[in-house]
Amino acid sequence: MIKTALVTGSTSGIGLALARAMAGQGMNVVLNGFGDADQIGEIRAGIASDTGMNVTYSPADMTRPDEIEAMIAAAVSEHGSLDVLVNNAGIQHVAPIDEFPVAQWDAIIAVNLSHAFHTTRLALPHMKANGWGRVLNMASAHGLVASPYKSAYVAAKHGLIGMTKAVALEVAQQGITVNAICPGYVKTALVESQIPETARARGMTEEDVVRDVILAAQPTRRFVGPDELGQMAVFLTSDAAASITGAAISVDGGWTAY
Ligand code: NAD
């Protein structure tokens, strides 16, 4: 029986790498995220032709519970099941808390935390009915430790790891595992856009931010590759990972070993 994986925020960056990796393992895939319609069409067709799998796309906005509900319903009706849920969509804003825009706080909590509540509550009944399921929450090293000026992101990612543990306990005897992946820095649009913000907040040049803030946190002194995360996600969906649940798995070049 072909499994179906839904990856939120998979039109770029880490989510796209995970979607490609899942399709490469013989899963049908539901893509989601924002972007240019033609480019998304090309991504969808490219993964389908490279892998031979059925790849669909939902434009649902992860801040909108009604759109999330429609996305889950469409995934099940188009593919016949929903076996793997990857809650990956995320945004960032960097500012001191006393200058943090209220709208940015609300948006970060909605996308980085609450969307995973809505997808999970709606997907789990389908997994329970099949007696098998995998939920992967894309947390961060910032789900385990903090950095200044990222209060909303750090709060949301710590919360996501907490929710991961609670849900893992709820479904532990139903063939469903729930885990968080905690990457260090990966060179995606999300990181590239925060370099100028961090430079402003810390009064540094952008080059200094990359060397002295970003890669300084990572003992390997290199960015984590999106494909490394794709392979971790594939392993967590395998039967070999059936006893890994409620875990927060670091893929951070040693950052949180400090
Ligand atoms: P990215 O900006 O490349 O991708 C984010 C994706 O989320 C895009 O597809 C975007 O369209 C989508 N998205 C944003 N808002 C959305 C919304 N409201 N509804 C639907 N989709 C939405 O970023 P990325 O670096 O690939 O980040 C992916 C995840 O990995 C995020 O949760 C991020 O917090 C996490 N993460 C990233 C890093 C890193 O260094 N890049 C490190 C740790 C964790």
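User: Is the crossing of α4 and α5 left-handed or right-handed?
Analyst: The α4/α5 crossing is right-handed (the near helix is turned clockwise from the far one by less than a right angle; anticlockwise is left-handed). This is a predicted model: local features need pLDDT of at least 70, side-chain atom pairs count only at pLDDT 80 or more, and totals for chains, interfaces and linings use all residues. Numbering starts from 1 along each chain as its sequence is written, and side-chain values use heavy atoms, without hydrogens or water.

User: At what angle do the axes of α4 and α5 cross?
Analyst: Roughly 15°, and the axes come within 7 Å. That makes α4 roughly parallel to α5 (under 35 degrees).

User: Which α5 residues does α4 meet?
Analyst: Among them are Y153, L160, M163 and V167. On the α4 side, W105, F117 and L124 are included. Contact is heavy atoms within 4.5 Å.

User: Switching to α3. Which residues are buried there?
Analyst: I68, M71, I72, A75, V76 and H79 (buried is under 20% relative accessible area, 1.4 Å probe, protein chains only). They cover an arc of only 125° around the axis, so they sit on the same side of α3. The arc is taken from axis-to-C-beta directions.

User: What covers them?
Analyst: The cover of α3's buried residues includes β1, β2, β3 and α4.

User: And α1, how many of its residues are buried?
Analyst: Nine of 12. Among them are I14, L16, L18 and M22. The buried residues of α1 pack against β1, β2, α2, β4, β5 and α8.

User: What follows α1?
Analyst: G26, with a positive phi near 90°. After α3 comes G80, whose phi is also positive, near 90°.

Note on methods
Buried < 20%, exposed > 50% of the residue type's maximum accessible area, 1.4 Å probe, protein only. Helix = DSSP H or I, 4+ residues; strand = E, 2+ residues; numbered from the N terminus. Axes fitted to C-alpha atoms, helices over the stretch in contact; angles between N-to-C directions. Parallel < 35°, antiparallel > 145°, perpendicular 65-115°, else oblique.
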